[in-house]
Amino acid sequence: MFSSAASLRLPPSPKPNHRNSQSSSTENPIGTDLLYSFNTPFELKQAHSHIIKTNNPHSLLPLSRVAFVCAFSPSFNYARQIFHRVEKPEIFVWNSCLKTFAEGNSPIDAIRLFYRLRQFDVQPDTFTCSFLLKACSLLSDLSNGRIVHGLVLKLGFQSDLFVENTVVHMYACCGVIDDARRLFEKMPQRDVVTWNIMITQLIKLGEIGRAYDLFTQMPERSVRSWTAMIAGYVQCGKPKEAIHLFRQMEEAGEKPNEVTIVAVLAACADLGALDLGRRVHEYSNRCGFKRNVRICNTLIDMYVKCGCLEVARRVFDEIDERTVVSWSAMIGGLAMHGQGEEALRLFSRMSQIGIRPNGVTFIGLLHACSHMGLVNEGRKFFASMTRDYGIIPQIEHYGCMVDLLSRAGNLQEAHEFIKNMPIEPNGVVWGALLGGCKLHKNVELAEEAIKHLLKLDPLNDGYYVVLSNVYADAGRWEDTGRVRKLMRDRGVKKTPGWSSITIDGVVHEFVAGDVAHHQAEEIYKRWEKLLQQMKSRGYVPDTSVVLLDMDEDKKEHVLYRHSEKLALVFGLMNTPPRTPIRIMKNLRVCEDCHSALKLISAIAAREIIVRDRNRFHCFKDGSCSCREYCVIWEGDQLLEVIPQVFPLCEISVFVNLCGFTRVWSGGIKILLHLDQTLIKPNEHTNKPERLNDNPLLQEDGKKDIELKPLIEHEKSVK
DNA sequence: TTAGGGTTAG
């Protein structure tokens, strides 16, 4: 059952013990390097004979290596002879060897060595048991864990709190939490570590409620107890509870450490709580944690998710030694904010300096390609991750690829891709295809995607809503009604949408048609004024996003009360002019709100940053950073799909030219659809040329509008 | 020489 020393990983050579060594380098002519280099029993004997000949102390031998070489070779007794000559007890040396294995990356060798020791009647002590139990925990090796526990009882070590805690930990890690709990209940004495072990393991099993029950019962709490509980809430998707507990921790006078900071920042990232995130950042700097790379990585994520991409970039730039996590967080953040080109540039830099990407890096890259419509580039990255880096694509990578292909309109290819996946597609994968079908109006494939999605999650309201949208787009109102009936029959409720905005540290949450807010009346009045301005600049409400069966006027009324519009108006009323407005939404921003927010960003001269369920939208000067696809239609025929990677055009042009279409965007390249009208910018003058008559243009008298690239526009503003 | 908490994807 034992493998040979050659086939096992050697523990690292310990550093020379100069304190015990009585000889200086001049007194030790053979040098320690030679002594430390033995890997076989023969080489060990050579080194040992040197020790004897030169009359050097035995302590010069790296004893854990002696133990290792002898333990897995026939020379076990020889090791014992050597150990008898050193001052420390023999078991100490074996324990060092066990520790190296258990704490290193070969816990299985700790178990093997244990059996070898048993064969030779070496008497274990409490340390031996602790190291072995640790190895069993790492391996989730319950049968050996029980054997060691039996030994603990036999040797009477159960009164040793260190050992007993490790036994509890072992049972919990091996998946028998109830055994751990029984032992915990029976323990005559427990300390804060015992409680922390139970709490942490319950959290790992997703039993956050039971963990919190124990937390409330603790006789005393350490910073680790608080941190474990805060991090636990973040891990199980309860960031509000995490923040609440953090405040309680502060009130209790407990000082957060680096790990607490990471957990709280992660909660701020999830909540989009920028104010608190900033305060925690300042606190972290005051504590001297500025160089902690894990904190910096979480800060990048927090600022990205709170819509402050520039601050995130500053944190990234200031890190001394960036890890792959720092690069991945920044690349993913740039992609999420629509800065795909910069994300790819950063990846080049990362590769140039020799940082090896991981699976998460590729998720960011694929997102970047997806939002820029770089289909070939994305395909190359997907192939490269396995070929060049040996990273096996996970379900998330497949989801990104389907999203990339579907968004770009390659729906059949996306479908084939799903059918050929080596792993079972999940809701994200089919959902990506469904999203593409909605964008490109493919009812047939949408129905195929829905068939799978409803099998996976029959109560997910989002799927029904999208299908209903697809039918509505195709004018299939009977089918839309059928979907609504299906939802009713199955008891599927549409998740209520909400949007929130934080002003002076207070979070204001709005639902559609909200009348509960204390400023509701003023908000609606202000909206009416804004609506007039919007309409005068070409805004036409897109009532097709309202799936309810009602007349157009009522649909408009519903549209005007969408939660993100209310949050935005509230923000305009309560923040200084020209300052950015940040909004969070639990669902995707609807197409009408997207158009409206673009327009309002220009009218009110505000930057509006919206974090929705999927990504960020930064509305500025009438455009959005998400750069939707420009879908070109001629009559009913889809001509081309162009991702918006081209210079954006000046806002006044866009508001007037594009405010009437449902598929328009802030960018333009070759053709733009406008109520059956095709417009082509002249190749030389960049002036729009109409390919057929457009009554709206005539009404506006904007026949000679120039399509100025936004970049030039910005220069002229400066 | 022994026990407990941390970052990027969703």
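**Notes on the model**

1. Let me begin with one side chain and its surroundings. Leaving aside residues up to four places away in sequence, Thr 480 is in contact with Ser 468, Tyr 471 and Ala 472. Thr 480 belongs to helix H28, which covers residues 477–490. Is Thr 480 buried or exposed? Its relative accessibility is 2%, so Thr 480 counts as buried, the cut-off being under 20%.

2. Please keep in mind that this is a predicted model. Chain A has 718 residues, and 52% of them count as buried. Its secondary structure amounts to 35 helices and 11 strands. Among contacts in chain A with a separation of 6 or more, 62% are between residues 24 or more positions apart. The accessible surface of chain A is about 34800 Å², with 51% of that belonging to carbon and sulfur atoms.

3. Residues 191–221 are 74% helix and 0% strand, with the end C-alpha atoms 10 Å apart. For residues 292–322, the model likewise gives 74% helix and 0% strand, and the end C-alpha atoms are 10 Å apart.

4. Now for some strands. Strand E1 (residues 498–503) runs antiparallel to strand E2 (residues 506–511), and six bridges join them. In this pairing, Ile 501 sits opposite His 508 of E2. The two strands make a hairpin with two residues between them, and Asp 504 in the turn has a positive phi of about 50 degrees. E1 also pairs with strand E3 (residues 581–585), again in the antiparallel sense, over two bridges. There, Ser 500 stands opposite Met 584 of E3. As a reminder for viewing, side chains in a regular strand alternate between the two faces of the sheet.

5. How many salt bridges does the structure hold? The total is 29. Side chains of opposite charge can pair when their charged atoms come close. In one of these bridges, the closest N and O atoms of Arg 181 and Glu 185 are 2.7 Å apart. These two residues are four apart in helix H10 (residues 177–186), so about one helical turn separates them. Glu 185 is partly exposed, with a relative accessible area of 43%.

6. Two further bridges also lie within single helices. Arg 278 and Asp 275 are three residues apart in helix H16 (residues 274–286), about one turn of the helix, and their closest N and O atoms are 3.9 Å apart. Arg 278 counts as partly exposed at 36% relative accessibility, as does Asp 275 at 28%. Glu 416 bridges to Lys 419 with closest N and O atoms 3.2 Å apart. Being three residues apart in helix H24 (residues 411–419), they too are separated by about one helical turn. Glu 416 is partly exposed, at 40% relative accessibility.

7. Finally, a surface detail. Ile 108, Leu 138 and Leu 139 make a nonpolar patch of about 250 Å². Ile 108 lies in helix H6 (residues 107–119). Its relative accessible area is 40%, so Ile 108 is partly exposed and passes the cut-off of over 30% used for patches.

Notes
Residues are numbered from 1 along each chain as its sequence is written. Chains are lettered from A and ligands numbered from 1 in the order in which they are written. This is a predicted model: local features need pLDDT of at least 70, side-chain atom pairs count only at pLDDT 80 or more; totals for chains, interfaces and linings use all residues. Side-chain values use heavy atoms; hydrogens and water are left out. Buried means under 20% relative accessible area, exposed over 50%, partly exposed in between (1.4 Å probe, protein chains only). Contact means heavy atoms within 4.5 Å. Accessible areas come from the Shrake-Rupley method with a 1.4 Å probe; for residues, only the protein chains shown count as cover. Two strands pair if DSSP finds at least two bridges between them. Patches are made of residues with over 30% relative accessible area and no salt bridge: like charges are joined within 9 Å, nonpolar side chains (Val, Leu, Ile, Met, Phe, Trp, Tyr) within 5 Å. A salt bridge is a side-chain nitrogen of Lys or Arg within 4 Å of a carboxyl oxygen of Asp or Glu.
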